[in-house]
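Dear colleague,

Here is the structure you asked about.

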Amino acid sequence: MGSQNNLGHNQDVYLRGASGGYTVILINGSPVYDPSSPTNAFDMNLISLEMIERVEILKGGHSTLYGSDAVAGVINIITKKPENQPLYLSAGLAGGSYNTYKGNVGLAGKVHQTSYSLQYNYLTSQGFSDATQPANSTKSFDNDGIKQHNLNLFVEQQLTKKLTWKGQLLWSRYKTDLDLGAFQDEQDYTFTSKNLFWGTGLVYQFAKGKLTLNYNQNNNDRLFLNDSTFLSSTKFSEGIYKAQSNFIEAYSNIDLSNLWGLLVGVEHRWRTFDPIRPEYRDWE
């Protein structure tokens with residue numbers, strides 16, 4: 001996944017040797033995509049570790065249940081859920097090398113029939129240069145840092161003894177510096193990524209099973225901006241990518257006996273993508 005790389009860069013998933021885009025990413029069981037990326041893969045940088053309770057991994061082909069892109073496997077990211085008490089506060093602060101600092105604050109609990117969880121995370125790092133400086137270079141390459149914000153909200157309401165409503169929202173934004181290649185530095189080339197994921201669902205319990213209805217929407221906005229004359233080029237460049245993916249499903253789990261069960265359901269997915277709108281112009 002590129003975990004040893006600079007923060008904000010190359011966090012792709014390569015499961016069982018398959019290239020990026022062949023592993024389905026789920027958030028609390030709902031698939032997330034980024035139709036604006038070449039591989040359609042979700043940007044893992046948008047998920048903060050402090051927001052995760054656990055990660056479930058299914059290796060191997062699971063296209064029958066999760067779609068044609070689940071060739072290499074499925075990764076289900078489970079976010080933190082409410083505490084079983086009226087009010088629970090949490091906070092954390094950490095620091096490391098390259099002037100890396102992160103902090104988080106959370107609020108969770110359960111009041112009567114309502115459970116809730118709200119968490120905010122912030123990350124900043126000076127980082128290091130993405131490009132490797134050649135031995136004969138006379139100029140020092142600048143550091144490529146990152147600033148990131150994450151917000152996670154989960155609400156669950158017990159409407160009746162048999163009917164439960166759930167809602168979730170994840171908002172992420174980060175801005176990172178880029179270089180122009182493996183050996184070419186750039187001081188004012190930046191990448192900004194914004195993501196809004198939200199979903200809602202109902203669960204109805206009956207005598208021998210349950211019926212579940214879910215809908216979620218994922219919105220991606222990415223901006224590549226190079227507004228520098230640091231190199232010999234005198235061009236301004238801007239690349240804007242916008243995408244939206246939607247997912248709706250209805251399924252039922254039915255207990256036929258102590259050993260046998262039946263799972264039946266339907267789902268529908270649709271996606272939209274605005275064409276890349278690059279702009280190049282000479283500096284005045």
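**Cavities, a helix residue and salt bridges**

By class, the residues around the largest cavity are five nonpolar, four polar and one charged. Nonpolar here covers Ala, Val, Leu, Ile, Met, Phe, Trp, Tyr, Cys and Pro, charged covers Asp, Glu, Lys and Arg, and polar covers the others, Gly among them.

This is a predicted model, in which local features need pLDDT of at least 70 and side-chain atom pairs count only at pLDDT 80 or more, while totals for chains, interfaces and linings use all residues. Residues are numbered from 1 along each chain as its sequence is written, and side-chain values use heavy atoms, with hydrogens and water left out.

The structure holds three cavities of 30 Å³ or more. A cavity is a set of points, on a 1 Å grid over the protein atoms alone, where a 1.4 Å probe fits but cannot get out; lining residues have an atom within 4 Å of a point. Grid points are joined across faces, edges and corners, and a volume is the space filled by probe spheres set on the points.

The largest cavity has a volume of about 80 Å³. Its lining comprises 10 residues, and those nearest the centre are Val13, Gly21, Ile25, Ala41 and Phe42.

The largest share, three residues, is from β12. Sorted by class, the lining has three nonpolar, three polar and two charged residues. Helices (H or I, at least four residues) and strands (E, at least two) are DSSP runs numbered from the N terminus.

Tyr66 belongs to helix α1 (residues 63–66). Tyr66 counts as partly exposed because its relative accessibility is 24%; buried means under 20% relative accessible area, exposed over 50%, and partly exposed in between (1.4 Å probe, protein chains only).

Side chains of opposite charge can pair when their charged atoms come close. Seven salt bridges are present, each being a side-chain nitrogen of Lys or Arg within 4 Å of a carboxyl oxygen of Asp or Glu.

- Glu50 and Lys102 form a salt bridge at 2.8 Å, N to O. This pair links distant parts of the chain, 52 residues apart, with Glu50 in the loop between β2 (30–32) and β3 (52–59) and Lys102 in strand β6 (residues 100–111). Glu50 is buried at 18% relative accessibility, whereas Lys102 is partly exposed at 32%.
- Glu156 and Lys166 pair at 3.9 Å, N to O. Here Glu156 in strand β8 (residues 144–158) is linked to Lys166 in strand β9 (residues 163–178), 10 residues apart. Glu156 is partly exposed at 24%, and Lys166 is partly exposed at 35%. Elsewhere, salt bridges with shared partners join Glu53, Arg54 and Glu56 into one network.
- Glu56 bridges to Arg54, with 3.3 Å between the closest N and O atoms. Glu56 is partly exposed at 35%, as is Arg54 at 40%.

Regards

Key:
1 Å grid on protein atoms, 1.4 Å probe; cavity = no way out; pocket = protein on both sides within 12 Å on 5 of 7 lines; lining within 4 Å.
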